[in-house]
Amino acid sequence: MQSHDVIVIGAGSVGLPCAFYLAEEGLRVAVLEKNSSVGQGENKAAIGGARATHSNPAKIRLCQESLDAFSTWRESHGDDVGWKGGGYCFPVYREEEEKTLKDILPLQKKYDLDIDWVGPNRIKDIIPGINPAGLRGGTYSPGDGQVSPLMVASSYQRLCEARGVKFFFEEEVTGIVINSGRITAVRTGKETYPCQVVVNAAGPYAREVGLMCGLDIPVVPDSHEAGISAPVEQFLQPLVVDLRPGPAGKSSNFYFGQNSEGRFIFCYTPAEILVGTDKRSTSEFASVIGRRLIELIPRLRNLLIRRCWRGLYPMTPDGVPILGKPSEPEGLVLAAGTCGQGFMMGPGVGRNIAKLIATGRPLMEQDIFDTMSFHRDFTSGKAEALR
Amino acid sequence: MRTEGMPASSRIATHPVIDIAEKRRVPFVFNGTHLWAEEGEMISSALFAHGIHQFGHHPADGSPQGIFCVNGQCSQCLVIADGIPVKACMTAVRWDMDVRSCEGLPSLPESDSPVSFEDIRQVETQVLVIGGGPAGICAAIELGRQGIECLLVDDKPSLGGKLTLQTHSFFGSRSDCFAGTRGIRIAELLSSELAGLSSVEVWSDSLAVGVFSDRKVGVLRSGEYVLVSPRVLLVACGAREKTLGFPGCDLPGVYGAGAFQTLVNRDLIRPSERLFVVGGGNVGLIGSYHALQAGIEVVGLCEALPQCSGYKVHEDKIRRLGVPVFTSHTVVQAHGSEHVEGITIARCDENFKAIDGTEKSFDVDTVLIAVGLSPVNELLLQAKAFGMEVHAAGDSEEIAEASAAIFSGKLIGRRIVRSLGIECDIPPEWDGLAAILRSKPGPAHEQEAPPRGLRRFPIVRCAQEIPCDPCTKVCPKKAIVFEDDSIMSVPVFRGECLACGRCVAGCPGLAIVTVELDYDPEEKLALLTVPFEFSEEKLPREKTVVTVDSDGRQVGEGRVAAVKSNPARSKCRQVLLEVPYGDALSVAGIRLQDEQAPAAPRTSTGEEGFVVCRCERVRKSEILEQIRAGVRDMNQLKAVLRAGLGACGGKTCRELIAGMFREEGIPASQVTPFTLRPFEAEVALGALTGSRDAKESRSNTEP
């Protein structure tokens, strides 16, 4: 097997953009993927929301890059990836969510994010049919948007292959070869791939891959359910996030949007986190999220639900991803722990990781990038406010 | 409300086999026009009754949409009913319902008043049977006889499954699966036996929409969502019709032969004047016969194989009536822009490729697709993946005749009884019998020569090995026998014949004629008793009729002397036919329709530009391009092209795409199939949440 400059482990939301931007830097790249094609892990489970309006500077920077990539995709690459720049809206009914959101506005504005608090009447315009009882207002960030994870993954594959990236499917990584502290190759069940650099973009399985080279990366997957409806005529522009906990103690926040094809796509954070890799649908999800959707926008009662599924969030202890080069082994680069936002961070991660590997420096400010280091103190308590 | 005097020319007023009951009329509106339905009628049939075959236009490319499966499987027949998109074939017309064609994407009604909810009902049961067709009912009967608590759910308004479409007499074994009785009657017999079993609860109009990892089954019961937790699950969901890709395959007017049987036999709609059938299996052959019985001209039937794969007796039946059967022929194109106007077929080579220059075109308004069935087994596979105790019976287990499904249900039902720890007898020979009933037709033998020296005898034109025995049971002289006692062997006449006609009326294949050579020695006339399942108006009394041999070739002419019928026992009439001595041994029946010469050949369009995924309008050429570029994961086709991502969940295109991989020489082992996920059918969010307005009664009675 010929030697590659970089082996990317995982052809998902994070691995694909890493491979693409590495190839753009002129490097010889191969991607190893255990599934049969691109995006078949958690990418296709993502609902496709993309926002830069986080409360953590590193995530803001990553997603600003991603939004730049998504919103100009057709002009840059010619492919339709279902971009819909309808913004994000967090409608608020309780004082505590109002406080949470207003508290992070100064930081968001400091990083040039187009987001503001708006009153209830404006929210009613932005979200037609929203339940007005007790509505206090909310935040609205028109620069955010939605995009199709499936279409982005397919487009990335096409763009990668056009730049000479090699894909190897149905190959699960079984070992990483290290000589005198340097990575020299990656082994799969079928083949050994010599290389200089390995990018760990294995999503929920980043920890397993890390352990193959003696690194215990604190990424633990938990499971979230999502669903999609049949398409209806467009009436909802933004992706909507309701931060309140749901009734009956089943759900905490939930979020949904109408994608560029008119389908509603929705997901909630379960009140009780389901740690592990179980991706089998439960009977509870559709009824719980359905009730929350209808309570918020009653006309959604007539929406036809088409499919439900479960996806995994590769969580870190502080809700911030783990990016960059650990001190050892040499040649290992982490693009892991994206905490369920791997899709929206993907292009930003790819651009930064590619620059890091090609030039030794990330794209964003070094000090902000370093807050995502593997060697940071994960127990500092500086957790992301909006996970 | 104007309901009187509206045209309803597409309703069948008289039928040779089906008793037609008077039903109440329910008024509704379609695109502003006042129409009426029969009480309980599905929207699709009500529209067809008024000659409306086109239900809207697809949002992606404006192509006309109509029915395809009439079984809730394909989602092609979407209409907007009282503001909400519904499958027209699964939604009964309600009083004053406002139905609109679905033009582009539906928009949500702006009903913004708050909704109150009820808890989702949870039900526990020992056994949940999904599907109230022959297999499901027979299994539930076995469970009920043992007093086992059992819930049977079925998505149609009444039980019976496809039996309710089967107006013909059944093959198989008389003692084990009602051979010789019409399917519609079997449905009644089984349903009433089930109704007498107190431990069995039946939910009709109840669609099982998903199996979940917490081992619950979601059931949409007349609009109310219920979660059922069974100890044992039995999937008996039957089959769905396979489809075929060709230019024009997605035009309104091209639909399944089973769909057609639903229209003509269940709903008594005559949806066509002239039709063509693609596929010579039993469904296509019987569908042709049902069309003729409904007064529809069957212009022809084509089969790509050198021989029809259905029962020879079914094929003979339609050949005798005058339907041309084109073997080694394939469909080239269905013509038309908004609806089918014609079809072109051509001779095909051994790879089923059309041979240039052999095209024949016919003017027809309907093309029926009958190219086989595939099991409805998604819930079965999901339940297995979730570690439930699950069984399958009938077509969900293996595609076969309904007689096999009856027996399969009985057998699996008893196995479930045993698995619940209750003793019950399963005769050791049942496994063998189940296999025999499932078997494909065997070889056809040489027709036995008529007996010499006898004046009266039957001619049994049944030389193919099929599992069927009624002729051996009805003869009062026990003179029709299997020489080796196997139900699969060919019945032969040994002994004495009274020419009583019981075998003529009792043969499900209508393959027996009795001959009386001593009828009129003076005029040298023999009297034949031939079976006839059409209205007597088709028989010109005292006049001559065209007599045909078993292949449908004209033998000569005969005169109808009398017609015997015993409606209480069978709707099969026996025609007493005078024929010349010389014709007596050749005549197998009476021709009903004259063969039509093909129309002028029409030019056909490109070969690979037709639609494969109907829901998302994805064409074969697009899919081929991806396969040739190296795609081996059907889920990636979904991502790149949206094929299989639509309303039907890939149920319609899945097999066509799998076939395209095969055609490209890619073995199935290299192809990753679509991932299965709930839901099996689209469900309104309001129903899933127990919202009160979703539970409002779906009554179709006058307010």
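Helix α15 of chain B, residues 654-663, has these buried residues: Leu656(B), Ile657(B), Gly659(B), Met660(B) and Phe661(B). Here buried means under 20% relative accessible area, exposed means over 50%, and partly exposed is in between, with a 1.4 Å probe and protein chains only. Helices (H or I, at least four residues) and strands (E, at least two) are DSSP runs, numbered from the N terminus. The buried residues of α15(B) pack against β34 (611-613), α13 (620-628) and α14 of chain B. After the helix comes Gly665(B), with a positive phi near 80°.

A word on the ground rules: this is a predicted model, in which local features need pLDDT of at least 70 and side-chain atom pairs count only at pLDDT 80 or more, while totals for chains, interfaces and linings use all residues. Residues are numbered from 1 along each chain as its sequence is written, chains are lettered from A and ligands numbered from 1 in the order in which they are written, and side-chain values use heavy atoms, with hydrogens and water left out.

Let us move to chain A and its helix α1, residues 15-24. This helix is mostly covered, with nine of its 10 residues buried. Those buried in α1(A) are Gly15(A), Leu16(A), Pro17(A), Cys18(A), Ala19(A), Phe20(A), Tyr21(A), Leu22(A) and Ala23(A).

Next, the domains of chain A. The assignment gives domain 1 (4-68 + 149-219 + 318-372) and domain 2 (86-143 + 221-315); such bounds come from an automatic or database domain assignment. Taken over C-alpha atoms, the centres of domain 1 of chain A and domain 2 of chain A are separated by 28 Å. Their contact (heavy atoms within 4.5 Å) takes 30 residues from domain 1 of chain A and 26 residues from domain 2 of chain A.

The structure holds 12 cavities of 30 Å³ or more. On a 1 Å grid over the protein atoms alone, a cavity is a set of points where a 1.4 Å probe fits but cannot get out, and lining residues have an atom within 4 Å of a point. Grid points are joined across faces, edges and corners, and a volume is the space filled by probe spheres set on the points. The largest cavity contains about 440 Å³ of space. It is lined by 28 residues, and the closest to its centre are Lys44(A), Leu150(A), Ile228(A), Trp309(A) and Leu645(B). Two or more lining residues come from each of α6 (149-162) and β17 (304-315) of chain A and α14 (634-641) of chain B. Both domain 1 and domain 2 of chain A give residues to this lining, so the largest cavity lies between them. By class, its lining divides into 11 nonpolar, nine polar and eight charged residues; Ala, Val, Leu, Ile, Met, Phe, Trp, Tyr, Cys and Pro count as nonpolar, Asp, Glu, Lys and Arg as charged, and the others, Gly among them, as polar.

The second largest cavity holds about 170 Å³ of space. Of its 18 lining residues, Arg307(A), Gly649(B), Arg677(B), Phe679(B) and Glu680(B) are the closest to its centre. This lining has six nonpolar, three polar and nine charged residues.

Charged pairs come next. Over all chains, the structure holds 63 salt bridges, each a side-chain nitrogen of Lys or Arg within 4 Å of a carboxyl oxygen of Asp or Glu. In one of them the side chains of Arg299(A) and Asp112(B) meet at 2.9 Å, N to O. Arg299(A) lies in the loop between α8 (284-296) and β17 of chain A and Asp112(B) in the loop between β7 (97-103) and β8 (121-130) of chain B, so the pair joins two chains. Arg299(A) counts as buried because its relative accessibility is 6%, while Asp112(B) is partly exposed at 32%.

Within chain B, Glu378(B) forms a salt bridge with Arg240(B), the closest N and O atoms being 3.0 Å apart. This pair links distant parts of the chain, 138 residues apart: Glu378(B) is in helix α8 (residues 378-385) of chain B and Arg240(B) in strand β14 (residues 239-241) of chain B. Both Glu378(B) and Arg240(B) are buried.

Finally, visit Thr529(B) in strand β29 (residues 525-532) of chain B. Thr529(B) counts as buried because its relative accessibility is 1%. Leaving aside neighbours within four places in sequence, its contacts include Val504(B), Ile512(B), Gln574(B) and Leu576(B).

Conventions. On a 1 Å grid over the protein atoms alone, a cavity is a set of points where a 1.4 Å probe fits but cannot get out, and a pocket is an open set with protein on both sides within 12 Å along at least five of seven lines; lining residues have an atom within 4 Å of a point.
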